[in-house]
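Me: I have a structure to go through with you. I will ask what lies behind each label.

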Amino acid sequence: MTTNMVESLNSMLVNARDFPYIALLDVIQEKMSKWWNDRRIVAMAITTPLTPSRESELRPRFAQSNGRHTSQLNPITYHVKGGELEGVVDIFNKTCTCKEFDIDKLPCVHVVAAAHHAQVSVYSLVSPYYTKEYYLLAYSETIYPVGSQSQWDVPNEVVTRIVLPREVKEKKRGRPKTSRFPSVGEFKKRKNRCGKCGAYEHYKKKCNSQTGSTEGNPPTNVPV
């Protein structure tokens, strides 16, 4: 599980999260509207059947499939040999024994070779979620601003509803925390630093260095 999306939103709202709720929602709406429009423009400019990242990943496999020996086992199954790993491809069920195609839903080298042998379009075997059409569909809607609060159409049952203030807890001492709590996996192990020589990975008691601080040691340059 990744927190990239959460981290992106956190960095975007680092200054706005202290705003009142309505102002904060306006900031989020404005940013999301820009993101949607920018991605829609990118999607409309695509000239390939797939999204640019998936197209760049699939293209080299056409050349890599050249020279692979492909034999047909039955009307829908093909055996592809050559390279470090051979594979058995099921064109109809869209599977390959190498499992790369099964997981990524993008034709592996074996599937590309089998598709050429079967005279089937490689692009017909790609997951539709990688296509330009689905990319456009994902950002086809427009996120509009909600407008001025005076123009909101609020139902009477909401207007007449009495909302009690939330329970106020006793304020804790000290400055209120403004930074977020780190999520799982973000904790950084603190390195131990020696108070005598300043080096890491050991303590002052276990330091063998003869240089550095002499705190706690008797002076050596005073005559007895």
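Me: What makes E57 and R54 a salt bridge?

Reply: First, the basis: this is a predicted model, where local features need pLDDT of at least 70, side-chain atom pairs count only at pLDDT 80 or more, and totals for chains, interfaces and linings use all residues. Residues are numbered from 1 along each chain as its sequence is written, and side-chain values use heavy atoms, with hydrogens and water left out. Now the pair. A salt bridge is a side-chain nitrogen of Lys or Arg within 4 Å of a carboxyl oxygen of Asp or Glu. The side chains of E57 and R54 meet at 2.9 Å, N to O, so the pair is within the 4 Å limit. By this rule the count comes to five salt bridges.

Me: Where do E57 and R54 lie?

Reply: Both are in helix α3, residues 52-64. They sit three residues apart, about one turn of the helix. Helices are DSSP runs of H or I with at least four residues, strands are runs of E with at least two, and both are numbered from the N terminus. An α-helix has 3.6 residues a turn, so residues three or four places apart point the same way.

Me: Why is E57 called partly exposed?

Reply: Buried means under 20% relative accessible area, exposed means over 50%, and partly exposed is in between (1.4 Å probe, protein chains only). E57 has 30%, so it is partly exposed. R54, at 24%, is also partly exposed.

Me: How do you know that R59 and E55 form a salt bridge?

Reply: Their side chains meet at 2.9 Å, N to O. R59 and E55 are four residues apart in α3, so about one helical turn separates them. R59 has a relative accessible area of 49% and is therefore partly exposed. E55 has 6% relative accessibility, so E55 counts as buried.

Me: Which residue forms a salt bridge with R61?

Reply: E100 does, with the closest N and O atoms 3.0 Å apart. This pair links distant parts of the chain: R61 is in helix α3, E100 is in helix α4 (residues 100-104), and 39 residues separate them. R61 has a relative accessible area of 8%, so R61 is buried. E100, at 33%, counts as partly exposed. R54, E57, R61 and E100 are linked in a network of salt bridges.

Me: How do you know that the buried residues of α3 are on the same side?

Reply: The buried residues of α3 are E55, L58, R61 and F62. They cover an arc of only 125° around the axis, which means that they are on the same side of α3. The arc is that of the directions from the helix axis to the C-beta atoms.

Me: Where is V154 found, and why is V154 called partly exposed?

Reply: V154 is in the loop between α6 (132-138) and α7. Its relative accessible area is 36%, so V154 is partly exposed.
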